[in-house]
Amino acid sequence: MPSYTSLFVAAMAAATTSAFTTNFPSTQISSSSSSSTALFMSSTPELTKQCFLDGKKIRGPITPLGNFVLVRTKDTLDATDGGILLPDQAKDRPTEGEVVAAGPGKLHPHTGVRITNPVTTGDSVLFGKFDGHDMNYNEEPVTMIRDDDVLLYYKGVRMTLANVIPCRDYVLVAIEKQKTETSSGIVVAETVMKDYNPCEGKVAKVGEGRMTSTGEFSTPPCKEGDFVKFRDYAGNEVKIEGKEYSLVRMVDILTSIPAP
């Protein structure tokens, strides 16, 4: 009769649509001698380490499949005018995390070409607040997301304009501060403008493009320095080094004016 643990692992795999598998060392260990077993155990400590998923022991470390990415979430900090760091209280802002493990990428359903995963273990990523499947892995909160959920990625401790890379077909747009005075001189209260989402700005960074069915990248519709307009509410707000930016998919860009 299957144990409760094996049933739990099978249920979790089904719940996450085969998002990951677990490395099982017993299939590789020879039972011919205890010495050879001990040698194998010592040479592969990552397989012998006890792993737990949502409080239940599993067979080994999680290995994401396809285009799934296992991310360890981390707190996003903002600085006040006095320099005090406070947790970001904006619930609609993207979530920041570190990649624990990433799958090899998905296969295109028509051509069979592998669409490689844009991120690797150790990368820091930004993804949608409500994307993915939350879990508790080895007493740490983690999220299983898809590579399509990644907005941008970078290497290092904190995001800077120099180290961030928009993921695939995303464009990082610098949002200009909205004017609180009309052309006729009427001053508009800031409380009126607080819910207004600007849909234009200057391109700060451009992703490599969307990967096609042949494994090649499509040509981006704009380049750094261009002024762009995009669909209302299409952008994902993000703050980098105290400045407001918006991450927009290339298909949501309506027009692009080349930089002079």
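Start by selecting F20, which sits in strand β1, a run covering residues 20-22. Keep in mind that you're looking at a predicted model. Is F20 buried or exposed? Its relative accessibility is 6%, so F20 counts as buried, the cut-off being under 20%.

Now show what surrounds it. Skipping the neighbours within four places in sequence, F20 is in contact with L53, I62, T63, P64, L65, M135 and M144. While you're here, pick G103 too: F20 and G103 lie 83 residues apart in sequence, yet their C-alpha atoms are 8.3 Å apart in space.

Next stop, the largest nonpolar core. How many residues does it have? There are 14, and those with the most contacts inside this core are L152, M159, V164, L172, V238, Y245 and L247. To see where it draws its residues from, colour strands β14 (150-154), β16 (170-174), β19 (236-240) and β20 (243-249): each one supplies at least two. As a general point, nonpolar side chains in soluble globular proteins tend to be buried together.

Zoom in on L152. Again leaving out neighbours within four places in sequence, L152 touches S124, V125, L126, M159, V164, I165, P166, C167 and L247.

Definitions and conventions
Residues are numbered from 1 along each chain as its sequence is written. This is a predicted model: local features need pLDDT of at least 70, side-chain atom pairs count only at pLDDT 80 or more; totals for chains, interfaces and linings use all residues. Side-chain values use heavy atoms; hydrogens and water are left out. Helices (H or I, at least four residues) and strands (E, at least two) are DSSP runs, numbered from the N terminus. Buried means under 20% relative accessible area, exposed over 50%, partly exposed in between (1.4 Å probe, protein chains only). Contact means heavy atoms within 4.5 Å. A nonpolar core is a set of buried Ala, Val, Leu, Ile, Met, Phe, Trp, Tyr and Cys residues joined through side-chain atoms within 4.5 Å.
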